[in-house]
Amino acid sequence: MSGRHVVFLESNLTGSGYEAIAAARRAGHRVTFLTRDLSLYLAPGHERLDLGPVDEVVTCETNDPAAVVAAVRGLAHPADAIVAVGEWHMISGAEASRTLGLPGPGPAGVRAARDKSLTRRLCADAGVPVPGFARVERPEEVYGADLAYPCVVKPLDDGGSNGVRLCRDADEAADHVRLLLKETHNERGQRKIPAALVEEYVDGPEVSVEALVRGGEVSVLAVTRKELGELPYFCETGHQVPAALGSGLDEACADVAAAALRAVGFDFGAAHVELRLAAGGPRLIEINCRPAGDRITRLVALATGVDIPAELVAMYLAPGDADPLPAPGHHRAAAIAFLPAVEGVVTAVTGADEAARLPGVLDVGVYVEPGARVRPLPNNTARYGHVVAVAPTGPEALRRARAAADTVTVTTARA
């Protein structure tokens with residue numbers, strides 16, 4: 001089904017959005033990119049958007065669904081789908097699609113997934129295992145929450161591990177809530193929900209479940225094992241697919257993720273569901289109603305043969321397809337390791353070519369160049385680049401990716 005017109009509503013900066021755009025072009029579709037600020041995607045410090053597959057860039061206030069509707073109606077070529085793949089614009093995309101009569105997820109399910117406290121409540125009511133939690137609108141409310149310490153404090157509707165912190169006691173938690181409430185807008189200029197989530201800390205490995213959803217059907221494609229940096233923050237340093245947890249845990253994670261998606265009413269699209277493995281089994285951490293970032297979709301394609309961004313575009317263009325959603329195959333393992341950034345001005349980048357020649361290495365991405373000023377933050381943006389590698393097993397793929405990442409040297413000077 002070629003020759004259709006796909007409008008992409010913004011993107012994330014970590015791979016899957018760019019993969020979806022490239023997939024639409026490969027399938028022969030017209031591609032329009034709708035954004036409020038194109039320069040964001042061309043700046044150093046993250047993966048940059050290749051405009052080669054894009055036919056037209058249209059600027060509008062993408063945070064406003066009405067403005068998105070007006071922009072799409074004004075296009076010379078009628079749109080067949082509005083595809084949002086970034087966390088920030090899933091609500092705008094769902095509401096604009098509903099107004100225009102185009103395929104997409106129900107807005108209510110997207111809103112429930114975007115509000116972490118609403119996700120928790122709906123899932124708890126449905127019997128999905130979740131950590132103990134409290135929604136607080138003032139720092140003082142922390143002291144009345146019936147939670148053990150340490151606990152995790154996070155914004156209700158941010159992303160990329162922004163503002164997520166482990167707190168040792170009630171005073172530390174209240175201080176962090178106070179800090180979060182001072183930040184009224186996110187990095188895309190959207191007003192944040194004026195509250196925070198305080199939740200039980202689940203001390204166990206973190207995984208994510210990657211799935212496609214259509215109506216009542218949930219196809220789990222992979223369970224990803226996630227590598228994290230040092231506490232008190234939760235910065236992701238690498239991933240491997242498959243997780244291969246054993247003892248039936250992969251299947252248990254898939255079941256919890258599917259139940260959580262049904263509990264919030266997410267009914268169409270890709271999902272990236274994060275879990276923690278407690279002693280009694282997996283517990284839901286959050287639902288992201290979009291494809292995984294961090295090139296996890298690339299890992300899934302390498303490990304299972306399923307290209308999630310390409311399948312997502314195809315779903316939007318044939319929402320009533322009666323064929324079953326794709327199921328994963330078993331090919332090999334894949335992993336990604338990130339190059340952590342430090343503060344300063346980049347003076348040299350070496351070793352990328354050598355890293356690319358190491359066994360199993362497929363991709364070496366460097367996000368900075370000499371002259372770039374780096375200001376690391378305690379979230380998933382503090383990176384110089386990444387390496388993707390494959391191997392027969394996940395641990396070996398991750399070892400190869402880390403070895404290659406260690407080969408790349410980014411030299412900096414104090415700003």
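By class, the lining of the second largest pocket has 13 nonpolar, five polar and six charged residues; here Ala, Val, Leu, Ile, Met, Phe, Trp, Tyr, Cys and Pro count as nonpolar, Asp, Glu, Lys and Arg as charged, and the others, Gly among them, as polar. This is a predicted model, where local features need pLDDT of at least 70, side-chain atom pairs count only at pLDDT 80 or more, and totals for chains, interfaces and linings use all residues. Residues are numbered from 1 along each chain as its sequence is written, and side-chain values use heavy atoms, with hydrogens and water left out.

**Second largest pocket**
- There's about 430 Å³ of space in the second largest pocket.
- Of its 24 lining residues, Thr237, Leu339, Pro340, Ala341 and Ala382 sit closest to the centre.
- On a 1 Å grid over the protein atoms alone, a pocket is an open set of points with protein on both sides within 12 Å along at least five of seven lines, a cavity is a set where a 1.4 Å probe fits but cannot get out, and lining residues have an atom within 4 Å of a point.
- Grid points are joined across faces, edges and corners, and a volume is the space filled by probe spheres set on the points.
- β14 (333–340) is one of the elements supplying at least two lining residues, and β14 gives the most, with four.
- Helices (H or I, at least four residues) and strands (E, at least two) are DSSP runs, numbered from the N terminus.

**Largest cavity**
- The structure holds two cavities of 30 Å³ or more, and the largest has about 40 Å³ of space.
- Its lining splits into ten nonpolar, one polar and one charged residue.
- β12 gives the most to this lining, with three residues.

**Second largest cavity**
- About 30 Å³ of space lies here, and the lining includes Lys116, Leu156, Asp158 and Glu286.
- Five charged, three nonpolar and one polar residue make up the lining.
- β13 gives the most, with three residues.

**Lys116**
- Lys116 belongs to helix α6 (residues 116–125).
- Lys116 is buried, at 8% relative accessible area (buried means under 20%, with a 1.4 Å probe and protein chains only).
- Its contacts (heavy atoms within 4.5 Å) include Leu156, Asp158, Leu197 and Glu286, not counting residues up to four places away in sequence.
- The side chain of Lys116 reaches the backbone oxygen of Asp158 at 3.4 Å.
- Lys116 and Leu197 are 81 residues apart along the chain, yet 7.3 Å separates their C-alpha atoms.

Notes
Buried means under 20% relative accessible area, exposed over 50%, partly exposed in between (1.4 Å probe, protein chains only). A polar contact is a pair of N or O atoms within 3.5 Å; within protein, one must be able to donate a hydrogen and the other to accept it, and residues adjacent in sequence count only if both atoms are side-chain atoms.
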